[in-house]
Amino acid sequence: MRRFGIHASDLTIDFAVGNESVLVTRILEQCAGNAEEGTRADFFRELSVGRRIERLLTLAADGERSAFSFPFHCTGCNQQLEFELTLEEIRELQRHADSIDAVAVEFGGQSFEFRKPCGRDQETWGAMSFADQSEAMRVMLGSLALKQGAPRLGLELIDLVDDAMDEADPLVNFRCQITCAECAATNAFSIDLCEVALAMLRGLQTRLIVQVHRLASHYHWSEQEIFAVPHWRRKQYLNLIAAGGS
């Protein structure tokens, strides 16, 4: 996949779109490499949610970072903590998750099996309205039930399936534990990796807008003329502007 935040088309991405899953598909489609040229949106809709998140994080890294750092505070002594998650760790977690297509849970003497959700599922759910979270979980998990059809999903069964899904696709509802060096307290935190990636990608889009503004202001080029210049040359012009070159 190509980098995000260097082409004119990257400015067309609307990060304020209501359905986050549609936004994810749009970004992945935008950055599709040559090998994926013919597959486009449908290909990315069929990817598992975890695989989509892994690709988003790779784009967010912008080819310049190998890890993401997350600051927290200890729940025991309020000491500042930091959790680091490397791209290699992200890829390894997803490699393992890719080997699992469905999860099975035992409940009430019966075995129930559910497929893992994909981007298309998320887009569909994002367009629906639910009375509350309980109804949302019943509808979503009911649509993922395999073979036996949708079982009667009580709260206990929903919790079991939810835990099994988290274990099978850890990037989706990512959880980490940090032991505080000061007070030895064990801290458990949750990180919305999709939200993190989208915020960073929005930052890359903002950076591109600022770069276009600087080039337009200094050289009086139109946006079309600016994007006719290769990215690597635009960087050189921006360096000259920053250095005070005339």
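Is Cys-194 buried or exposed? With a relative accessible area of 11%, Cys-194 is buried.

## The overall picture

Please keep in mind that this is a predicted model. The chain has 246 residues, and 41% of them count as buried. Its secondary structure consists of 10 helices and six strands. Taken along the principal axes, the C-alpha atoms fill a box of roughly 75 × 50 × 35 Å.

Glu-135 and Tyr-219 are 84 residues apart along the chain, and their C-alpha atoms are separated by 57 Å. Glu-135 belongs to helix α6, which covers residues 133-144, and this glutamate is partly exposed at 32% relative accessibility. For the other pair, Arg-55 and Leu-28, the separation is 27 residues in sequence and 7.6 Å in space, C-alpha to C-alpha. Arg-55 sits in helix α3, residues 49-61. Although arginine carries a charge, Arg-55 counts as buried, with a relative accessibility of 18%; the cut-off for that label is under 20%.

## Salt bridges

Side chains of opposite charge can pair when their charged atoms come close. Across the whole structure, a search finds 15 salt bridges.

| Salt bridge | N to O distance |
|---|---|
| Arg-120 and Asp-42 | 3.4 Å |
| Glu-123 and Arg-45 | 3.0 Å |
| Lys-116 and Asp-169 | 4.0 Å |

Let us begin with Arg-120 and Asp-42, which form a salt bridge with their closest N and O atoms 3.4 Å apart. This pair links distant parts of the chain: Arg-120 is in helix α5 (residues 119-126) and Asp-42 in helix α2 (residues 40-45), 78 residues apart. Arg-120 is partly exposed, its relative accessible area being 34%. Asp-42 is partly exposed too, at 47% relative accessibility.

Glu-123 and Arg-45 meet through their side chains in a salt bridge of 3.0 Å, N to O. Glu-123 lies in helix α5 and Arg-45 in helix α2, 78 residues apart, and the pair links distant parts of the chain.

What does the bridge between Lys-116 and Asp-169 tie together? The side chains of these two residues meet at 4.0 Å, N to O. Lys-116 is in the loop between β4 (110-115) and α5, while Asp-169 is in the loop between α7 (155-168) and β5 (174-179), so the bridge ties together parts that are 53 residues apart in sequence. Both Lys-116 and Asp-169 are buried. Elsewhere, salt bridges with shared partners join Asp-42, Arg-45, Glu-46, Arg-120 and Glu-123 into one network.

## A negative patch

Charges also gather at the surface. Glu-156, Asp-159, Asp-163 and Glu-167 form a negative surface patch. One of these residues, Asp-163, lies in helix α7 and is exposed, with 51% relative accessibility.

## The cysteines

A disulfide is a covalent bond between the sulfur atoms of two cysteines. How many disulfides does the structure hold? It holds zero. Cys-118 is in no disulfide, and the nearest cysteine sulfur, that of Cys-194, is 14 Å away. Because its relative accessible area is 10%, Cys-118 counts as buried. Cys-194 is likewise in no disulfide; for Cys-194 the nearest cysteine sulfur belongs to Cys-31, 14 Å away. As the opening said, Cys-194 is buried as well, at 11%.

Most residues other than glycine have a negative phi, and most peptide bonds are trans. Which way does the phi of Asp-62 point, positive or negative? Asp-62 is not a glycine, yet its phi is positive, at about 60°. Asp-62 is placed in the loop between α3 and β1 (67-73), where it is buried with a relative accessible area of 5%.

Ala-184 also has a positive phi, near 65°, and is a residue other than glycine. Its place is the loop between β5 and β6 (186-191).

Technical notes:
Residues numbered from 1 in each chain as written. Predicted model: local features only at pLDDT ≥ 70, side-chain atom pairs only at ≥ 80, totals over all residues. Heavy atoms only, no water. Helix = DSSP H or I, 4+ residues; strand = E, 2+ residues; numbered from the N terminus. Buried < 20%, exposed > 50% of the residue type's maximum accessible area, 1.4 Å probe, protein only. Disulfide = S-S within 2.5 Å. Patch = residues over 30% accessible without salt bridge, like charges linked within 9 Å, V, L, I, M, F, W, Y side chains within 5 Å. Areas by Shrake-Rupley, 256 points an atom, 1.4 Å probe, with all protein chains shown as cover. Lys, Arg positive; Asp, Glu negative; His and termini not counted. Charge placed at Lys NZ, Arg CZ, Asp CG, Glu CD.
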